[in-house]
Amino acid sequence: MTYESTGMPDEMATDIDNATSSMSIVNAQPTKDISTWYPWALVVVYLVLGGALVFNLITAIAYVKSPLLSKGKPVHQLIFNMTITDFIACLVSQPFVLFQYTEAGVRHITGRKFECIGSFVGLIVGFDSTVTALLLITCERLFAIISPLQHMHRVTRKTCRVAILVTWTLVTAKSSVLFLWNKWTPFAPCIGLALMSDLYSSYVYNLALYLCMGLVAFFNVVLGCAVVVAKRKAGIMNASQTTTKSVRRKIKSSQGELKIVKIVFLAVGVLFITWIPNNTLANTVLFYVKKGQAPPYDLLVAYHMTRSMPLFGTVADPLIYFLQNSQCRSAVLRLLGRTEAQLGRQQSIYSLDSNTTESRGSVSTLKTVTDC
């Protein structure tokens, strides 16, 4: 979401008045109170957060207890990092939600500089870490498809861990700039308009956000083209009768790499589908505010009710890993005391029972016909 200021003067009293008026413009029109929608917004947020915390915690524990992190492919380091970023995003977004959508939270945060800025920093770190985690795994998959031999020797578990550490350091440092570069004033509302300066919004927050989102989109387009080319080459090699065993092994290995690419495409698709609507509404509201006009009431309702949409990815991601990656699925099932073999046996038993029932039914029918 985009946060910008309206260029308030330096005097404290004027800052407070302008920030308060900006909050009034954003939050309500004279005849309607937008805060009546806040409980519904909280319900949506906590339903999403509850599911995301459970799913990501189970996935993270399953990864830690399995040999995937110590002996598995390097890409599992990046999948685990995505799980951790989703889990942290759910945790650090809760102070922001409470300070924005509950009366007790608004009263508590008034006049508290560190807590107000900290809630915004946590929210920014949570979202940015998710985007950079997707950017990392996209680049790793692209390298694996374009240059598999170089990928095999250069991309190791250690290099993945170093890359993860570097991205987390950069994201945290960039977000922490807000502690030093802000225009917070005592008793002003704890909102982005009253907290972030125009320069910070334009050259730190928005620049990093749109640059990362653009890179994710660009590299996924390139990855999609690389996958199409790789599949065509594999099809040609497979059709050739002179294909050696080593080439067939390479084709089989590349097919395994392509399965993980599907996870990346699904996760990126969820990210953009859940981020674009609220970001568009936020910029539309900001357009009205900068013109000094109150946004339409229905627009404000839509804006507040979609603020939780970017969190939907934190629920979808662990489900994608479970459904699309057999090793991740096996690790989760082992944690829950189940195995895929047991599930397969249960399904076969149910299938056998149904067949037996059908055969018994056909025998009884045949007997009835014979008796007649």
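1. The side chains of E140 and R141 come together in a salt bridge, at 2.6 Å from N to O, where a salt bridge is taken as a side-chain nitrogen of Lys or Arg within 4 Å of a carboxyl oxygen of Asp or Glu. E140 is buried, with a relative accessible area of 6%, and R141 is buried as well, with a relative accessible area of 1%; buried stands for under 20% relative accessible area, exposed for over 50%, and partly exposed for what lies in between, using a 1.4 Å probe and protein chains only.

2. On the basis of the work: this is a predicted model, in which local features need pLDDT of at least 70 and side-chain atom pairs count only at pLDDT 80 or more, while totals for chains, interfaces and linings use all residues. Residues are numbered from 1 along each chain as its sequence is written, and side-chain values use heavy atoms, with hydrogens and water left out.

3. How many salt bridges does a search of the whole structure find? The search finds three, and one of them is formed by the side chains of D128 and K174, at 2.4 Å from N to O. This pair links distant parts of the chain, since D128 belongs to helix α6 (residues 113–146) and K174 to helix α8 (residues 157–180), 46 residues apart; helices here are DSSP runs of H or I with at least four residues, numbered from the N terminus. Both D128 and K174 are buried.

4. A salt bridge also joins the side chains of R112 and E115, with an N to O distance of 3.8 Å. R112 is partly exposed, its relative accessible area being 37%, and E115 likewise counts as partly exposed, at 31% relative accessibility.

5. The search of the whole structure for disulfides finds one, a disulfide being a pair of cysteine sulfur atoms within 2.5 Å. It joins C116 to C190, with an S to S distance of 2.1 Å. The two cysteines lie in distant parts of the chain, C116 in helix α6 and C190 in the loop between α8 and α9 (192–195), 74 residues apart. The torsion about the S-S bond of C116 and C190 is about 105°, so the disulfide is right-handed. C116 counts as buried at 1% relative accessibility, and C190 is buried with a relative accessible area of 8%. Two further cysteines may be recorded here: C90 counts as buried at 0% relative accessibility, and C328 counts as buried at 1%.

6. The largest nonpolar core has 63 residues, of which I137, L178 and M213 touch the most other members; such a core is a set of buried Ala, Val, Leu, Ile, Met, Phe, Trp, Tyr and Cys residues joined through side-chain atoms within 4.5 Å. Helix α6 supplies the largest share of this core, 15 residues. Leaving aside residues up to four places away in sequence, L178 touches I117, F120, V121, L195, M196 and Y200, contact meaning heavy atoms within 4.5 Å. Apart from this core lies another, of 27 residues, among them V45, L49, V301 and V315.

7. For helix α13 (residues 312–324), the 13 residues should span 18 Å at 1.5 Å a residue, and the end C-alpha atoms are 18 Å apart, which agrees; the expected span is 1.5 Å times one less than the number of residues. Within α13, the residues G313, T314, V315, A316, D317, P318, I320 and Y321 are buried.
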